[in-house]
Amino acid sequence: MTDTPRKGSGAAKLTKLAGGRQRLPDITGTNLEHTRIFNRRLIFEALHQSGPLSRIDIAKRVGLTPQTVSGITRELLDQQFIIETGRSQGQRGQPQIYLGPNPIAGFSIGIHLDRNRVVMVVCNLLLEVIGRKIWAGDTRNPDSTLKHIARLTDDLIAEAAVPRDKIWSIGLVLPTLDEDIYDFATKQPGWDAWANVPVAQRLKDLCGLTVLVENDATAAAIGEHFARSDRDKRNFAHLYIGYGVGAGVIIDGMPLKGVWGNAGELGLLPFQPKRIRDNGEPPIIDSVLSLSGIAAALEWSIEEADAAVADLSILADLHSQRDPRLSSWMEEAGLCLRFLTAILESTTDPEFITVGGSLPPSIIAALVERAYPLHRSLSERKDRLWPRLLVGQLTDDAPVIGAASLPIFVTTNPNFRHLYIRQLGDEQRPFEQQTRG
């Protein structure tokens, strides 16, 4: 059995969302099969994020009885999803066996599709990168781009020598695309033809693998969450600066999506700098705190901005040379960052806010420095142990690592029903297969 909906008269009805998307119904009543799967997910997530752990440690951490933990870990060991990693030494009583995830029990592919650039990785269950590909080319045509991505996926799988039947799925992240349902144009340059394209289904047809789709800012926040050594910090925001700017918000370890999936789309907010521009109309944040803003300040073409994304040393060199046009942009962008920090602190009450993006680490660090002193907010506490705003542990790599984490996150997280990720609902996830007997 599986807790995903099935076709037929007995299938759970799905709620229709805008754009044809669907979500699973709210859980009601008691379902022993769902409870079993939920507990499996709960135990595996504890091992994945905090392992190695003994069975006693697991029982204390997740609140299940030792008998339940023992039975489920026996199943997971039999299915080779977890392994024994060692035994306790020098303690009274019977030595404790420590358990952890089996890195080669499954694999995931992460793809970050941006304007004229694709970054791809294949990871094991510990999100260790075992293969990578980077491609720069014209991405304006969806059909040709997706076909090329499919070919690159085949090459990546072959070069990494990963069994195709052990790949749980593909995580694909890209900027939020324009759709016809909005009352105003939200198109970014180069993405006109991508509006309303069923990206997940088309890539699935080409690759034969399930595809999960997310926007780049949310995926970057998920990637940052998994990459951090302090994974117990379950409430934070991640600002991702690309051709636009967006925020991924992690609440209780889960990405905040909103009813339409647009939570964190801060780039459309108006921002009034010290000097008035455009006949008194304030610019939107996307035109300031972004690669587009840098291109405008440096009087670059969009092609020159693309080249700077492909080779971060271009902007890094301008920064080290103290280019006056870049310095002027950084002053205004720093004010933008200060403004967004105040908004996120006042609305989501995060433990901290991290910053990353398609910029050199030196520029991201300088932007964070320029955002200080931050505006007053209730995040300004005497008992703080870490800064309110800091550079992310992942910068440019955050979206692709976040993309690779989506299949693992969706498959193993006990609260997957709250995730806003497009998925084929009638497919059984690898993690829910029956015990081999």
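This passage walks through a predicted model of one protein chain, from its overall make-up down to single residues. Residues are numbered from 1 along the chain as its sequence is written, and side-chain values use heavy atoms, with hydrogens and water left out. Because the model is predicted, local features need pLDDT of at least 70 and side-chain atom pairs count only at pLDDT 80 or more, while totals for chains, interfaces and linings use all residues.

Confidence comes first. The chain has a mean pLDDT of 82, pLDDT being the predictor's confidence in each residue on a scale from 0 to 100. A value of 70 or more is reached by 79% of the residues.

Now for the overall make-up. The chain has 12 helices and 15 strands; these are DSSP runs numbered from the N terminus, with helices (H or I) of at least four residues and strands (E) of at least two. Of its 437 residues, 52% count as buried. Here buried means under 20% relative accessible area, exposed means over 50%, and partly exposed lies in between (1.4 Å probe, protein chains only). Looking at contacts between residues at least 6 apart in sequence, 67% join residues at least 24 apart.

Next come the helices and how they pack. Two packed helices are described by the angle between their axes and the distance between the axes. Helix H7 (residues 291–298) and H10 have axes that come within 9 Å and cross at roughly 140 degrees. Axes are lines fitted to C-alpha atoms, for helices over the stretch in contact, and the angles run from 0 to 180 degrees between N-to-C directions. The pair is therefore oblique: angles under 35 degrees count as roughly parallel, over 145 as roughly antiparallel, 65 to 115 as roughly perpendicular, and the rest as oblique. On the H7 side the contact is made by Gly 293, Ile 294, Ala 297 and Leu 298, and on the H10 side by Arg 325, Leu 326 and Trp 329.

H9 and H11 make another such pair, with axes that come within 8 Å and cross at roughly 50 degrees, so these two are oblique as well. Leu 315, Ala 316 and His 319 of H9 meet Ser 362, Ile 363 and Ala 366 of H11. In H11, the buried residues include Ile 363, Ala 366 and Leu 367. Among the elements covering the buried residues of H11 are H9 (313–320), H10 and strand E14 (353–357).

Zooming in on H10 (residues 324–348), one finds Glu 345. Glu 345 counts as buried because its relative accessibility is 5%. Its side chain makes a polar contact with the side chain of Arg 388, at 2.7 Å. A polar contact is a pair of N or O atoms within 3.5 Å; within protein, one must be able to donate a hydrogen and the other to accept it, and residues adjacent in sequence count only if both atoms are side-chain atoms. Leaving aside neighbours within four places in sequence, Glu 345 is in contact with Arg 388 and also with Pro 350, Ile 353, Ser 377 and Ser 379.

Val 121 sits in strand E7 (residues 117–124) and is buried, its relative accessible area being 0%. Apart from residues up to four places away in sequence, Val 121 touches Ser 108, Leu 156 and Val 400, among others. Val 121 and Thr 153 are 32 residues apart in sequence, and their C-alpha atoms are 9.1 Å apart in space.

Most residues other than glycine have a negative phi, and most peptide bonds are trans. Gln 80, although not a glycine, has a positive phi of about 65 degrees; Gln 80 lies in the loop between H3 and strand E4 (82–87) and is partly exposed at 47% relative accessibility. Glu 299 is not a glycine either, yet has a positive phi of about 60 degrees. Glu 299 lies in the loop between H7 and helix H8 (302–310) and is exposed, with a relative accessible area of 68%. A cis peptide bond, with omega about 0 degrees, joins Tyr 372 and Pro 373, and Pro 373 is in the loop between H11 (361–371) and strand E15 (389–391).

Notes
Contact = heavy atoms within 4.5 Å.
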